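Hello,

Here is the structure we spoke about, with the sequence alongside. My notes on it follow below.

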Amino acid sequence: MIHSINKGEQCDDSTVEALQTCLRSLLNDKKFLLVLDDVWNENQARWIELRDLLRSMGGLSQSKIIVTTRSLKVASIMSSIRLYELKVLPHEDCLILFTKWAFNDGDDRQYPNLMRIGEEIVKKCKGVPLVVRTLGSLLFMKTDESDWISVRDNEIWKLEHAENEILPVLKLSYNHLPSHLQRCFAVMSLYKKDSIYYSDKVIQFWMANGLLEHSKQKQEWVDVGGRYLNELLSRCLIQKETDYALGFTFKMHDLIHDLALDVSQKECKTVNSQSYVIGENVRHLSFCDDKLLKVPQDLKKLKNVRTVFVHELSTESKTIHESLINLCLKI
């Protein structure tokens with residue numbers, strides 16, 4: 001929050017008390033709009049603590065807080081007014097969205113046969129914009145009727161997923177990726193959900209793990225990686241944020257990140273305080289839990305591990321760095 005208000009503020013190593021003081025000084029007696037997007041924390045005490053902090057600043061009665069979540073429990077904990085439950089996108093709007101991503105402007109009129117199939121595909125998307133957009137981009141520039149029928153009649157529509165019925169449908173887009181892109185997409189699950197990805201760092205990671213295939217045009221490896229990212233962008237599997245000197249930043253929708261986790265589970269593993277078990281075939285590990293204070297000892301038995309990610313953790317949890325170094329020295 002402090003960084004959003006004042007981007008020049010440096011407070012990464014501050015204590016909680018210092019951060020609260022800093023936030024008060026920035027917001028005291030000011031009106032503000034606070035947007036908490038995609039909240040999953042169901043700890044009511046945390047919300048009360050934040051609410052009381054904001055109340056202590058004055059001006060809260062004239063300010064607004066908007067919370068978005070896919071959890072009704074979170075909504076009931078945080079809401080002080082009637083919940084607004086977002087409805088699915090109407091069929092007509094879904095069809096417009098699908099057409100935008102599946103065709104160049106005006107081209108849909110040249111392919112009425114594809115549009116008829118497209119309407120049936122859109123109906124199966126059940127009003128979920130992410131699914132509509134992803135499948136539309138999957139079929140972009142494909143004018144062979146068999147490609148569209150393959151998506152419409154795919155068995156994956158009949159699958160049920162215990163936690164997220166959207167995931168099998170999104171997997172259609174993954175299944176249509178070339179094998180080299182499937183590998184590159186899968187390892188992006190090692191990043192924390194809602195991470196900001198830096199294109200040059202991602203390409204370097206792909207290069208280090210031999211995931212890039214050299215093209216016949218004898219491109220530089222960096223250019224090959226850039227082409228891969230552009231393909232993922234065109235298929236709506238990643239979302240571009242901003243450009244910078246060495247490339248661009250991008251994000252991955254949390255449902256797409258769930259897809260990456262799902263397809264990468266044999267070779268990639270995110271280790272946290274609740275999940276210590278690591279399969280023997282795992283090649284890439286990610287540590288991103290503040291509660292995890294040491295590296296599991298099983299790590300030294302794993303012969304296939306090629307990558308270990310240790311994400312930015314709180315000051316209290318940085319002992320995991322020492323634990324990893326000590327383990328490596330013993331191997």
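**Packing of α9 and α13**

In α9, the residues L167, L170, K171 and Y174 meet L255, I256, D258, L259, D262 and V263 of α13. Sorted by type, this contact of α9 with α13 has seven nonpolar residues, three charged and no polar. Helix α9 covers residues 167–175 and helix α13 covers residues 254–264; they pack at an angle of about 75°, and their axes are 10 Å apart. An angle from 65 to 115 degrees counts as roughly perpendicular, so α9 is roughly perpendicular to α13.

The mean pLDDT of the protein chain is 82, with 83% of its residues at 70 or more. Confidence is highest in helix α5 (residues 91–102), at a mean of 95, and lowest in helix α14 (residues 319–330), at 53. Where pLDDT is low, the predicted coordinates should not be read in detail.

**Helix α10**

Is helix α10 enclosed or open? Seven of its nine residues (the helix runs over residues 179–187) are buried, so α10 is largely enclosed by the rest of the structure. The buried ones are H180, L181, Q182, C184, F185, A186 and V187. Their cover includes the helices α9, α11, α12 and α13, together with β6 (268–271) and β7 (284–287).

**Aromatic pairs**

Searching the whole structure gives nine aromatic pairs. For W206 and Y228, the ring centres are 6.2 Å apart and the planes are at 50°, so this pair is tilted. W206 belongs to helix α11 (residues 199–208) and Y228 to helix α12 (residues 221–234), so the pair ties together parts that are 22 residues apart in sequence. W206 is buried, at a relative accessible area of 0%, and Y228 also counts as buried, at 1%. Elsewhere, one aromatic cluster is formed by F98, F103, Y111 and W148.

**Two loop residues with positive phi**

D38 sits in the loop between β1 (33–36) and α3 (44–55). Its phi is near 55°, which is positive although D38 is not a glycine. M141 is in the loop between α7 (129–138) and α8 (145–152). Phi of M141 is near 70°, again a positive value in a residue other than glycine. M141 has a relative accessible area of 58%, so it counts as exposed.

Regards

Technical notes. Residues are numbered from 1 along each chain as its sequence is written. This is a predicted model: local features need pLDDT of at least 70, side-chain atom pairs count only at pLDDT 80 or more; totals for chains, interfaces and linings use all residues. Side-chain values use heavy atoms; hydrogens and water are left out. Axes are lines fitted to C-alpha atoms, for helices over the stretch in contact, and angles run from 0 to 180 degrees between N-to-C directions. Helices (H or I, at least four residues) and strands (E, at least two) are DSSP runs, numbered from the N terminus. Angles under 35 degrees count as roughly parallel, over 145 as roughly antiparallel, 65 to 115 as roughly perpendicular and the rest as oblique. Contact means heavy atoms within 4.5 Å. Ala, Val, Leu, Ile, Met, Phe, Trp, Tyr, Cys and Pro count as nonpolar, Asp, Glu, Lys and Arg as charged, and the others, Gly among them, as polar. pLDDT is the predictor's confidence in each residue, from 0 to 100. Rings of Phe, Tyr and Trp (its six-membered ring) pair if their centres lie within 6.5 Å; planes under 30 degrees apart count as stacked, over 60 as edge-to-face and the rest as tilted. Buried means under 20% relative accessible area, exposed over 50%, partly exposed in between (1.4 Å probe, protein chains only).
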